[in-house]
Amino acid sequence: MQPDARQGGPGPAPGRGAAGRERRAPRVLALHLPDLPLQRIRRSLDSAACGGRPPEDERHGPARRPVAVLGEGRVSCCDAEARAAGVRPGMAAAEALGACGRLEMVPLDPAGDRAALRALAEALLALAPAVEVSPPDALLLDASAAHVVAGPAAGRPGADPAELAERALAARALALAGEMGYAARAAVADGRAPARALAAQAARAEGSLRWVPPGAARKALAPLPLAALGLSPAVAGRLAEVGVADAGGLARLPEGTLAHRFGPEGVRAARLARGEDASPLVPYQPETLPAEGVELEAPAEAAEPLLFVLKRLADRVAARLAGRGLGATRLKLVLGLDPRGEERVEVPLAQPTAAVARWLGPLKEHLFSLRLPAAVVALRLVAVEVAPVAAEQLAFGDRPEALAALEGVLARLAVRLGDGALFAAEPVERYRPESAYRTVPFRPDPRRPGPGVPEVPEGVASRPTRLLPAPELVVAEGEGGRLTSLRVGGRERAVLAFQGPERLAGEWWWERFARDYYRVRLEGLGDCWIYRDGADGRLYLHGFFD
């Protein structure tokens with residue numbers, strides 16, 4: 001029976017598929033996050049530090065207490081400050097507290113650690129076609145498309161293009177993990193389990209990256225201790241009794257002897273020690289929209305100190321959206337209040353985007369417009385509405401900075417006038433002009449070539465850019481049957497040009513109408529849309545061609 005691929009077990013036979021055909025191990029980039037529970041806690045504390053709080057206080061010493069994570073009553077991991085005070089992994093809680101009276105003990109949270117891995121995997125989807133979440137502290141990336149990330153650097157003369165490409169992918173992944181608030185170690189090798197084991201044992205002196213050439217996994221794994229192969233302490237102890245101290249020694253033992261003396265666990269470990277793992281990655285598929293939150297170290301009573309925290313949350317949400325090729329069209333900011341309650345703010349965006357710079361303007365406008373009844377103790381940012389963002393090729397003359405400026409203006413108007421005050425008119429199939437549109441959210445069109453009115457296709461009648469709320473009666477004046485002027489709003493205006501008519505009629509099933517429309521250029525008003533009503537024969541001003 002083949003072990004579950006999610007647990008990293010190799011297949012039923014080394015390098016062979018179900019039909020017995022030779023199957024090559026995939027090239028895998030493994031990211032190991034050492035002490036993930038502690039990193040997650042520290043990440044939250046770093047984000048919570050707002051308002052320019054100094055790292056130390058002259059009267060009370062360090063502002064932060066040493067931290068240790070407890071699992072089943074014992075220290076699972078601890079930070080440098082706790083180690084300096086004498087705390088060590090494996091200590092009982094009482095012993096650790098005795099060594100450091102200021103120690104802050106946080107219970108182990110496997111669910112929180114898995115959520116952190118999934119969030120980071122979501123962001124890493126921007127770099128690899130598939131990312132596997134490998135609890136408790138690793139992520140596995142498909143390195144087969146590394147050349148796409150590396151770009152032209154992979155083609156430099158005198159170097160192996162595949163190695164350069166995979167190193168570039170690892171560097172990008174480590175940098176992205178750092179931007180998300182995590183320190184990681186990386187390894188690139190053949191197979192899921194070998195790459196994960198090598199990443200977990202990667203030395204800091206190697207620049208957090210271990211690259212293994214194709215076919216060299218067994219040699220790279222040989223010096224690793226038996227614990228790196230995932231063996232239980234009991235089996236590792238029995239192997240040590242017979243003189244097997246590392247992966248290289250285990251790889252030399254015959255498989256039949258291992259199966260007889262150490263069972264399936266020994267066989268799996270020996271295959272890993274030989275670098276035999278052709279199992280495919282299990283891709284992670286995000287099922288929810290990204291959200292990031294933080295609890296503040298101290299209540300914030302003004303909006304300014306919240307902006308720093310909000311920027312960090314926005315960076316992380318945007319990175320997760322970008323990994324999925326999505327952009328936010330609406331954000332939700334939830335402010336937790338002291339001592340209870342919350343304030344929720346919906347922030348619409350002019351365009352689907354994962355660019356944080358375009359989020360911060362609207363977020364800032366909404367944040368500074370709030371009148372909070374109490375101090376803020378927590379923030380949470382959620383992308384509640386998203387849309388795919390297609391890559392666009394800029395042409396000569398395109399000005400993306402102008403679009404960003406327009407979005408900033410729209411955000412300020414939406415805050416000050418209300419979300420529904422900004423809309424665009426979308427045509428619908430109706431005969432009556434004042435009913436031939438519906439309101440939709442306004443979205444600037446980045447493909448518009450310029451600020452002018454878009455060209456009307458040939459054979460389609462032009463329509464005014466503005467319609468009056470209600471048609472306004474006008475009086476025609478002329479001599480000898482020739483129209484020379486129109487009286488509009490009590491003022492006579494000369495007719496400079498005249499075009500038409502265009503007959504619009506219909507809707508007998510609702511309210512029948514018949515109108516003859518003219519495009520008339522009037523002195524001081526420009527081009528106007530005027531019609532003669534078939535029911536009473538009078539003229540009405542209906543709109544303007546701006």
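Tutor: Glu-472 is in contact with Val-488, Gly-489, Leu-539, Tyr-540 and Leu-541, once its neighbours within four places in sequence are set aside; contact means heavy atoms within 4.5 Å. Before we go on, residues are numbered from 1 along each chain as its sequence is written.

Glu-472 belongs to strand β17, which covers residues 466-479. Strands (E, at least two residues) and helices (H or I, at least four) are DSSP runs, numbered from the N terminus. Glu-472 is partly exposed, at 31% relative accessibility. The scale for this is as follows: buried means under 20% relative accessible area, exposed means over 50%, and partly exposed is in between, using a 1.4 Å probe and protein chains only. Glu-472 and His-542 are 70 residues apart along the chain, and their C-alpha atoms are separated by 6.6 Å.

Arg-487 is partly exposed at 31% relative accessible area, and Glu-477 is partly exposed at 24%.

What makes two rings a pair? Rings of Phe, Tyr and Trp (its six-membered ring) pair if their centres lie within 6.5 Å; planes under 30 degrees apart count as stacked, over 60 as edge-to-face, and the rest as tilted. This rule gives four aromatic pairs. Among them is the pair of Phe-498 and Tyr-518, which is tilted, at 5.0 Å centre to centre with 40 degrees between the planes. Phe-498 lies in strand β19 (residues 491-506) and Tyr-518 in strand β20 (residues 513-522), so this pair ties together parts that are 20 residues apart in sequence. Phe-498 is partly exposed, with a relative accessible area of 48%, whereas Tyr-518 counts as buried at 16%.

Tyr-540 pairs with Tyr-531, and these two rings are stacked, with 5.3 Å between the centres and 20 degrees between the planes. Both tyrosines are buried: the relative accessible area is 3% for Tyr-531 and 12% for Tyr-540.

A charge sits over a ring if NZ of Lys or CZ of Arg is within 6 Å of the ring centre and within 35 degrees of the ring normal. Arg-515 lies over the face of Tyr-531, 4.5 Å from the ring centre. Likewise, the charged end of Arg-519 sits over the ring of Phe-545, at 3.9 Å from its centre.

For another salt bridge to set beside the one above, look at Arg-438 and Glu-426, whose side chains meet at 2.5 Å, N to O. Arg-438 is in strand β16 and Glu-426 in strand β15, 12 residues apart. Arg-438 is partly exposed at 48% relative accessible area, and Glu-426 is partly exposed at 29%. In the loop between β15 (423-427) and β16 (437-441) you will find Val-428. Val-428 touches Ser-435, Ala-436, Tyr-437 and Arg-438, not counting residues up to four places away in sequence.

Finally, a word on confidence. The score called pLDDT is the predictor's confidence in each residue, from 0 to 100. The chain averages a pLDDT of 83, and 85% of the residues score at least 70. Over residues 1-14, pLDDT stays under 50, and over residues 16-20 it also stays under 50. Where pLDDT is low, the predicted coordinates should not be read in detail.

Technical notes:
Predicted model: local features only at pLDDT ≥ 70, side-chain atom pairs only at ≥ 80, totals over all residues. Heavy atoms only, no water. Salt bridge = Lys/Arg side-chain N within 4 Å of Asp/Glu carboxyl O.
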